[in-house]
Amino acid sequence: MRVLWFANTPCNADEYFNSELRGTGGWLKALDIELQEHVELHIAFYSKYNAEPFRYKKTTYYPIFMKKTFLSKTYEWVTNHVIFKEHLDIYLKIIDHVKPDIIHVHGTENPFGYIIEKINVPVVISIQGIITTYYHKYFTGFGRKYLYINNFRNKKLLGILQNYSKKYKFFYKMMIREKEILSRCKYIIGRTDWDYYTTRILAPNSKYYHVDEILRKSFYDNAGKWQPHNRNKLVVFTTTGPSFYKGLETACQALWELQNIGIDVEWRFAGIQESDLIVRVVKKYLGTKYYGKGIKYLGSLNEKELVEQLLDADVYVMPSHIENSPNSLCEAQMLGLPCVATHAGGTKSILNEGNILIQDGDPWAMAGAITNLISKTNLNFKNKIKINEETFKRHDKNKIIKNLVDTYLQIIKNE
């Protein structure tokens, strides 16, 4: 079976370009490596490298290079430009060259799904996040009114916030594009109740298939290796990003609440730097409740660094106001960490029994859930084994690959 992916990341091609993949996208690389043993796999992706198609290991890659001049970048910034169908001819040329039996589009963030209306090959779209809902939740935690009115006199901060306003408008155009594509989509792959319910509205004529996600190799290699730490300081860890809807303000206030009752806490955030706008906004928003001494911003971590940081933590917390099935939470559970997560999007579908689910935006419940977990940590090893079994079952590589290949075959048969 010949399978063509359109992906948001270079997958395993990062090694070919000797460009380490940091932050998001590692799970697609892991899936690339596993699936190439079972199908003839081809992957198209936007690339910063101007390269011809190439074969690396057992996958053939098609970099889509778009050279951007200063003028084109300025135009895109001024107009909040979002690609709709401008590159459709490039996608169609790749499809004509590959002649796939099925096309798998990963995510709705890019315009790849417009191929549906131009070809007869079956196309399935995997749901990652859903832009329509993310747009709706974009300013959750602060409120747009606070961000623009309360910072109006701070001209430097206002200028940066205006840039965020442009990103909000950019999200709006992405939402329009996503709705157009999903309305034409016949086949959806998802993995949570949330993405199932949401696509019943946004893609009402689609058939839904449940396929879980493979995690990165290091998390299988270190599965269940987390152990409680015997120290006076509590270390909390979060993998996140510099967006308003990621819940940084909730986590920072929860940290203050913990410090306020006498618990010495160090909260480490991967994916955020001290210089990021979100940090400045949270500092201003929380005022005296921002306990900077207890916070460490680690920036973007690679796979090895992330595992090391997680194993050194006492608790993992996912504070977002909207997610689907965050791989960061799955990775923490795979290592065996006690976890607290907000009830946001699809997190309820992936949080194992024994961990704690709380309402998003509630720093008091978040702080209380953390204290509850650490008080029980040393007593919970039997429960930990049960939790790990749930995680192993959900992320079993062989099961996921079989499920995905069977899904491809069913879709091809339906056509």
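The accessible surface of the protein comes to about 18900 Å², and 51% of that area belongs to carbon and sulfur atoms; areas are computed by the Shrake-Rupley method with a 1.4 Å probe. This is a predicted model, in which local features need pLDDT of at least 70 and side-chain atom pairs count only at pLDDT 80 or more. Residues are numbered from 1 along each chain.

The protein has 17 helices and 14 strands, taken as DSSP runs (helices H or I, at least four residues; strands E, at least two) and numbered from the N terminus. Of its 415 residues, 55% are buried, meaning under 20% relative accessible area.

An open, mixed sheet of 8 strands has the order S3-S4-S2-S1-S5-S6-S7-S8. Strands S3 (54-56) and S8 (207-210) are at the edges with a single partner strand each, so one side of each is left without a neighbour in the sheet. Strands pair if DSSP finds at least two bridges between them. S5 (residues 102-106) and S6 (residues 123-126) pair in the parallel sense over 4 bridges, and His104 has Val124 in S6 as its bridge partner.

| Helix | Strands | Angle |
|---|---|---|
| H2 (residues 26-35) | S1, S2, S4, S5 | about 170 degrees to S1 |
| H17 (residues 397-414) | S1, S5, S6, S7, S8 | about 160 degrees with S8 |

In helix H11 (residues 277-286), the buried residues include Leu277, Val281 and Leu286.

Notes
Side-chain values use heavy atoms; hydrogens and water are left out. Contact means heavy atoms within 4.5 Å. Axes are lines fitted to C-alpha atoms, for helices over the stretch in contact, and angles run from 0 to 180 degrees between N-to-C directions. Buried means under 20% relative accessible area, exposed over 50%, partly exposed in between (1.4 Å probe, protein chains only).
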